[in-house]
Amino acid sequence: MIDESHPPHELDPSLRKRIDALCEEGRDFWHEFDAQVRQKEWHSFVAADYDRVRDVLLSLRRRGRRFLEWGSASGVITIMADLMGFDACGIEIDASLVRAARELADRSDSEARFAVGSFIPMGWRWNPADGDGRTATIGQGPSGYIELGRALGEFDVVYGYPWSGEEALMRALMRAHGSREALLVLHNVDTGIKVYRGGKELGLDTVAGL
Ligand SMILES: C[S@@+](CC[C@H](N)C(=O)[O-])C[C@H]1O[C@@H](n2cnc3c(N)ncnc32)[C@H](O)[C@@H]1O
């Protein structure tokens, strides 16, 4: 999918159009989901700012880099990553959202793969220093890595959109099971997007060269 005539951090116009259409469909899906599901019963799916995530992924894309989305919901970001040339997978605990993501991938002519399950690997427990190991909005369920046929440590870029207070869990999980070379991209409503490697935060201006 990467057009070699364009630098990796720029999208060629036809791919930009496809990604814009994907994001538009994703936003429509979320508004419908909000009206039909979230207004009746609380659900943790809130769509990210797709344009901001797109710009960060563009700076990180390399052909074949392995990308994983934690809590992939309707699949927009995993599909976007696939269209950019990543080898992209998503894990989502809500099976109905995984069905929607697979349908969106088909319509988008994308090879992104999705697994139903938890992004927390089997046997790992959140064990912070203050002893409060509650996982907040992060659901419990069988690990999704088995269905993907890949362990967390095999991914090069891992993306998550944690609810407030859940960043620490995601960072601890990455330190415990992620590759030390992998990049962790966390989207936060208040603080924007941050990128970590080996537990340390990297400046967004430095990640393009990695
Ligand atoms: C805040 S939404 C993020 C949606 C999407 N990643 C984005 O950035 O637009 C969190 C998603 O994580 C899912 N989720 C919650 N706990 C999970 C778990 N343990 N494993 C996988 N997905 C989970 C929710 O169902 C929800 O779709």
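I take helix axes as lines fitted to C-alpha atoms over the stretch in contact, with angles from 0 to 180 degrees between N-to-C directions. The model I am reading is predicted.

**Helix pair α1 and α3**

I looked up α1 (residues 13-38) against α3 (residues 76-84). Their axes lie 10 Å apart, at an angle of about 170°. Angles over 145 degrees count as roughly antiparallel, so α1 is roughly antiparallel to α3. Next I listed the contacts. From α1 come Leu15, Arg18, Ile19, Leu22, Cys23 and Gly26. They meet Val76, Ile79, Met80 and Leu83 of α3. I sorted this contact by class: eight nonpolar residues, one polar and one charged.

**Helix α6**

Which residues of α6 are buried? In this helix (residues 167-177), I find Leu169, Met170, Leu173 and Met174 buried. Their arc around the axis is only 135°, so they sit on the same side of α6.

**Ligand shell**

I counted 22 residues around the ligand. Ala48, Gly71, Ala73, Ser118 and Tyr161 come nearest. By class, the shell has 13 nonpolar, six polar and three charged residues.

**Gly209**

I located Gly209 in the segment after β7 (200-202). Is Gly209 buried or exposed? It counts as exposed, because it has 6 C-beta neighbours inside 10 Å. I also checked Gly209 against Phe119, 90 residues away along the chain. Their C-alpha atoms are separated by 28 Å.

Terms used
Residues numbered from 1 in each chain as written. Predicted model: local features only at pLDDT ≥ 70, side-chain atom pairs only at ≥ 80, totals over all residues. Near = placed C-beta within 6 Å. Nonpolar A, V, L, I, M, F, W, Y, C, P; charged D, E, K, R; others polar. Helix = DSSP H or I, 4+ residues; strand = E, 2+ residues; numbered from the N terminus. Parallel < 35°, antiparallel > 145°, perpendicular 65-115°, else oblique. Contact = placed C-beta atoms within 7 Å. Buried ≥ 20, exposed ≤ 12 C-beta atoms within 10 Å, placed from the backbone. Arc of directions from axis to C-beta.
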